Structures are given as C-alpha cells and as structure tokens.
Amino acid sequence: MRLTHPEGHGPVRFGPPDPEDGLPVLPELSAVLAAAASRAGAEPVGGGPALLDAACGYGDRRGLPAAPDRVAVAPGAPALLVALTAAIGGDVLVPRPCAAWWAPCARLLGRPAFSVPTPAESGGVPDPYALLETIRRLRAEGGDPRLLVLSVADDPTATVAPPELLHETVEAAVAEGLHLVSDETWRDTLHDPHGTVLLSPAEMLPDRVTVVTDLVGALLPPGWPAAVARFPAGEEGNALHARVLDVLTALDARVAAPIAAAAVHALSEPEPVTTRVADSVRLHARMAAAAHRAVVAAGAVSRPPSCGRHLYVDLTPLVPSLTAHGVGDAQELEDFLTARLGVPAPGGHRFGDDLEAFRVRLSTAPLLGRTADLRAACLRSSDPLELPHVRDALTHLATVFDDLRDDARRRESPR
C-alpha cells in the first residue's frame, strides 16, 4: 500500500485492498482452476449460463432470488460499481467511513462522492436524518443525488447494521428517489451467524436495490477477481441491467474462463467450500476479538468486530502520546503505526473519514504468521491463539498500544 500520494497523480485516489484471509487456496478450488487453465478465452460480458445459474443459486439460498436475466458477473466489484454509477447518473452518496474503493469509482467518472455520517452503533449505513439533510442541501445547491451505496456488513468498521436502522435509512433514501446499491461482500463472514441479524435492503424494497457481492469476501482468493450484481425486478431493473451491460461491454470487463470455472464451483457451495468458509470465519473472528481486547485495554476505542477480517480503531484517547511522536492526522498515524506494527495500518482518511480523526483499520491476516505453513497451522489448530507465532503477534500488537497508553498517562497534567 502506498503511504503517500506521489506528485503528478490525478484526482482519483485508490485506497488499501480488501482485508485478505491470508490462507492457502482451497485445494478443490485450485484443482478446478487448473482443470480449466487450457481455456484461453473469457466469459461473455455479464457472465455465461453456468456462471449466472450458479450466482442465482447463491442468491436463492440467501433469500434473494433472481432469474439469470437479472444477474451480471464482472471481474471484481469495482467494475460493477463503475458501471452502475455510469448507468444511474447523478451524484453519489456514501456513508462515512466507507469501503476505500467506493469513492474512487465515482471520481473516476468525474463525479463527487458525498459522505453522510453513520450513527454510533454501526458503520456502513448512513444515519437517516443526516441522509435527508445531505440530500436536501445538495439539491438546494444544484446537485442531483441519485445513488446511495451502503453496506450492512461493513468494511472498514467490521459492524453489522441493525435492521431498524437499515429500514429507516432505506425508506428515507427511496422516498427521495434514490437508487440503492447494497455491497454485501462481507455478508458470509459474520462472526456469530446465529446471534447476528443481517437483513439485506433488497429484502425490504426489492424493486429499488441492486445487490453487489465480491467473491473475495468469502469464496475466492483476492487475485481471482469475480463479483456478482443482482438487479431489481421490473422495467426499471431491466433497463438498469441493460445499461450496466453496455458499460461492461465498453470496458471489456469479462471474467477469465479459468476464474469463471472456480467461481461456478465456489458459488455452488459444495461441502469443502462451505467448510473452508466456516473455518476461516471462525479463525478470523477469534483473531479480531483478541486484537479488539488488546487495543481497548490500551485505551483506544473500537466497536466490537462482528464481521470480516478487520477492526476499526479510534486512537483519540491516546492523542497526547501520538502528538509527542509527531502524529497530527490520520496519514501520519498510518505511517507511524505501520512502522511500529510492521504491517499496513491504513488511516481512516483512506475510507472517507476525517483526516484530523485518529482512526485506522487493522487487518487480522498478519496475525496468522508470515508464511503459508504458519497460516495453515492456524487453520488446523483447535486453539490458534495459543500457537507461539500468534501469541507473539498479539503480544507485539498489545505492546505497541500499551506503550502509547503508558506514554499518554505520563503526559497527562497532574490533577
């Protein structure tokens, strides 16, 4: 990850990649890819019949049924979001903070992405009253808000939005005429799937929501790009689907045949795939919980992570120590923690948060070890937190934050 923007770059800024699982590729997936390696071509734009059928089955099992003519597959979610943004037109609204790749998709098309604050309890979904105020202000200033991008299982905050908040926000957005794109990349990574209620906006208002799911979230390795979009039913959904296919055609955004074969296999969810997903989620949930305990014990603030492979940390309580180290904003915090931790710690400004806010996203994959063998050992272990290399990584994380806490206490004014 580039820590600073080099001179000469244009206005499009790309943030850090999605948090990876860091685990060896599932052997069954490797075998499927290898068997298709001689296929030199690519899928048709939007996906071929087998890929679309598999995507429909995946949605059906999650209560999001769709026929193949309401689904499109592309090489990664950014291609789909660029196509949707171009097809819908107008201004884009996103929650603050949000996934690092959302805003660049709008800026790439020469459009601003307007941030809307999220409530205290979760990220990914804007506060409904702040959303309405932002829409009305934009229109008063001559803007044309048409698209809201949100996420019920969120990167970067690793939270899941409660259904009541989601309902209020969706109702507010639709009442103002906005189309919604629901990024559900992380929906299959709930740390407590039986104790967490995840509701898709498409279940509430299926005729106004397009669901986008990047398979890097749970099903495919990050270097095998494939993502699915499920469009609303009805004439408007059909027209949007057609316009998105036009944009994908212009971009020649097609999935390579070997990756398509792996995606068909993963979306069909045979037992080895579902077992690996469950094992990976359980492993990263334990790592995230341990990392959360460490940073909170040191005085930082972080919502308990409930999905994904990351957590979002606010170091405002440790500002006295950070200031003494020359850290004055999120970029400097990113540089400082990346150097101290030895792994990327992207600042909140990468996710649309305030540059002045002392926030970072921490990923759990680095805790699994630096080699494929060490990471595989974590997957096999009944108690990965007790593995020596994991203990060392967690101790190092805790020490970095504890040192900041102790230094901040020393610098506090005596009472």
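In what order do the seven strands of the open sheet run, and with what pairing? In this predicted model, the order is β1-β7-β6-β5-β4-β2-β3 and the pairing is mixed. Residues are numbered from 1 along each chain as its sequence is written. Local features were required to have pLDDT of at least 70 and side-chain atom pairs pLDDT 80 or more, while totals for chains, interfaces and linings use all residues, and side-chain values rest on heavy atoms, with hydrogens and water left out.

Strands (E, at least two residues) and helices (H or I, at least four) are DSSP runs, numbered from the N terminus; two strands are taken to pair if DSSP finds at least two bridges between them. Thr 213 has Val 228 of β7 as its bridge partner.

A further antiparallel pair consists of β8 (residues 310-314) and β9 (residues 359-363), joined by five bridges. His 310 stands opposite Ser 363 in β9. Five of the five residues of β8 are buried, that is, under 20% relative accessible area, with exposed meaning over 50% and partly exposed in between (1.4 Å probe, protein chains only). In a regular strand, side chains alternate between the two faces of the sheet. In β8, His 310, Tyr 312 and Asp 314 point one way, whereas Leu 311 and Val 313 point the other way. The C-alpha atom of His 310 is separated by 9.8 Å from that of Ala 289, 21 residues apart along the chain. Ala 289 belongs to helix α10 (residues 271-297) and is partly exposed, with a relative accessible area of 31%.

Three cavities of 30 Å³ or more were found in a search of the whole structure. A cavity is a set of points, on a 1 Å grid over the protein atoms alone, where a 1.4 Å probe fits but cannot get out; lining residues have an atom within 4 Å of a point. Grid points are joined across faces, edges and corners, and a volume is the space filled by probe spheres set on the points. The largest cavity holds about 140 Å³ of space. It is lined by 16 residues, of which Ala 55, Tyr 58, Gly 59, Val 228 and Arg 230 are the closest to its centre. At least two lining residues come from each of α2 (49-60), β6 (209-214) and β7 (227-230), and α2 gives the most, with five. The lining comprises nine nonpolar, two polar and five charged residues (nonpolar: Ala, Val, Leu, Ile, Met, Phe, Trp, Tyr, Cys and Pro; charged: Asp, Glu, Lys and Arg; polar: the others, Gly among them).

The second largest cavity contains about 60 Å³ of space. Its lining includes Asp 21, Thr 189, His 284 and Arg 309. By class, three nonpolar, five polar and two charged residues line this second largest cavity.

For Cys 105, the nearest cysteine sulfur is that of Cys 98, 10 Å away. Cys 105 is buried, with a relative accessible area of 4%; Cys 378 is also buried, at 1%.

How values were computed
Disulfide = S-S within 2.5 Å. 1 Å grid on protein atoms, 1.4 Å probe; cavity = no way out; pocket = protein on both sides within 12 Å on 5 of 7 lines; lining within 4 Å.
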